Amino acid sequence: MAADLKRADRLAALGELSARMAHEIRNPLAAISGSVQLVALRPWVDEKDERLFSIIIRETDRLDGLLRDFLLYAKPNQPSKVALNLHKVITDLCALLATDPRMEGVEVDNELPADLVVQFDKDQCSQVFWNLLVNAAEAMTGSGSIGIDGALVSSDGRNEVRIRIRDNGSGMSQDDVKQVFEPFFTTKKGGTGLGLATVYRIVETNGGRMSINSTLGKGTTVTLHLPA
Ligand code: ADP
Ligand code: MG
């Protein structure tokens, strides 16, 4: 028990330190990217230079995205739970996502009851469903559909809200399913592998739990149990 506590303390300190580090790297990175963007506008810049500058800008952007995702994972805010209407959360997110190229050809079926309410941090709730919807969309080639249903269920005498996000995308092997919550596990070119690790952490700190079922070639279902 004592050894476990020490280990937990050490891990927390390490998380704190790496989050601080990620934060410190983001400022000079922004300066590098901003400066290169200005230099790239100079009249003597030729095509070859332009190509090199665009590589610097693209890669600094990628690093910045990685650090932002890492910060969300390593240092999640303390949740401030409020009553949230899930149907509305999803409707608002879909409106936001409508112009995202990843959602092209993807249909989202919001089957959530209009009066379904969960106790969850507002920003973190959007973050959770944003990550899950984007993952579902990215698992599709060309077109596909995502269904979201929910219901009030009772487990161990406690009321919970069960939500399922089902997609008919690529699905995963059972080997991959075992690893999806590991930070940095990704099968995507340019993926960070921090999406599901962050979702898992957020769901846990808000008092919920989650699991994933997937069949290769058929699709994936993410199930969340959230406090009612
Ligand atoms: P990333 O999206 O950056 O790869 P995630 O943590 O969001 O990181 O997902 C980790 C991996 O889990 C993905 O690379 C993908 O292989 C798999 N995955 C997640 N969601 C789905 C899904 N809905 N369908 C198929 N594979 C998925
Ligand atoms: Mg993802």
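I started with ligand 1 and counted 23 residues around it. Asn-135, Ala-139, Thr-186, Gly-191 and Gly-195 are the closest. I note that this is a predicted model.

Next I sorted the shell around ligand 1 by class. I got twelve polar, eight nonpolar and three charged residues. Then I asked which helices supply at least two shell residues each. I found α4, residues 122–138, and α6, residues 195–205.

I moved on to the sheet. I traced five strands in an open sheet, in the order β2-β4-β5-β7-β6. The pairing is mixed. I marked β2 (106–110) and β6 as the edge strands, since each pairs on one side only. I computed an average twist of 15° from one strand to the next.

I then took one strand pair. β4 (residues 144–155) and β5 (residues 158–167) run antiparallel and share ten bridges. I looked up what faces Gly-147 across this pair: Arg-166 in β5 stands opposite.

I went back to α4, which also packs on the sheet. I listed its contacts as β2, β4, β5 and β7 (219–227). The direction of α4 makes about 30° with that of β5.

Last, I checked Asn-213. I placed Asn-213 in strand β6, residues 209–215.

Terms used. Residues numbered from 1 in each chain as written. Chains lettered and ligands numbered in written order. Predicted model: local features only at pLDDT ≥ 70, side-chain atom pairs only at ≥ 80, totals over all residues. Near = placed C-beta within 6 Å. Helix = DSSP H or I, 4+ residues; strand = E, 2+ residues; numbered from the N terminus. Nonpolar A, V, L, I, M, F, W, Y, C, P; charged D, E, K, R; others polar. Pairing = 2+ DSSP bridges. Axes fitted to C-alpha atoms, helices over the stretch in contact; angles between N-to-C directions. Contact = placed C-beta atoms within 7 Å.
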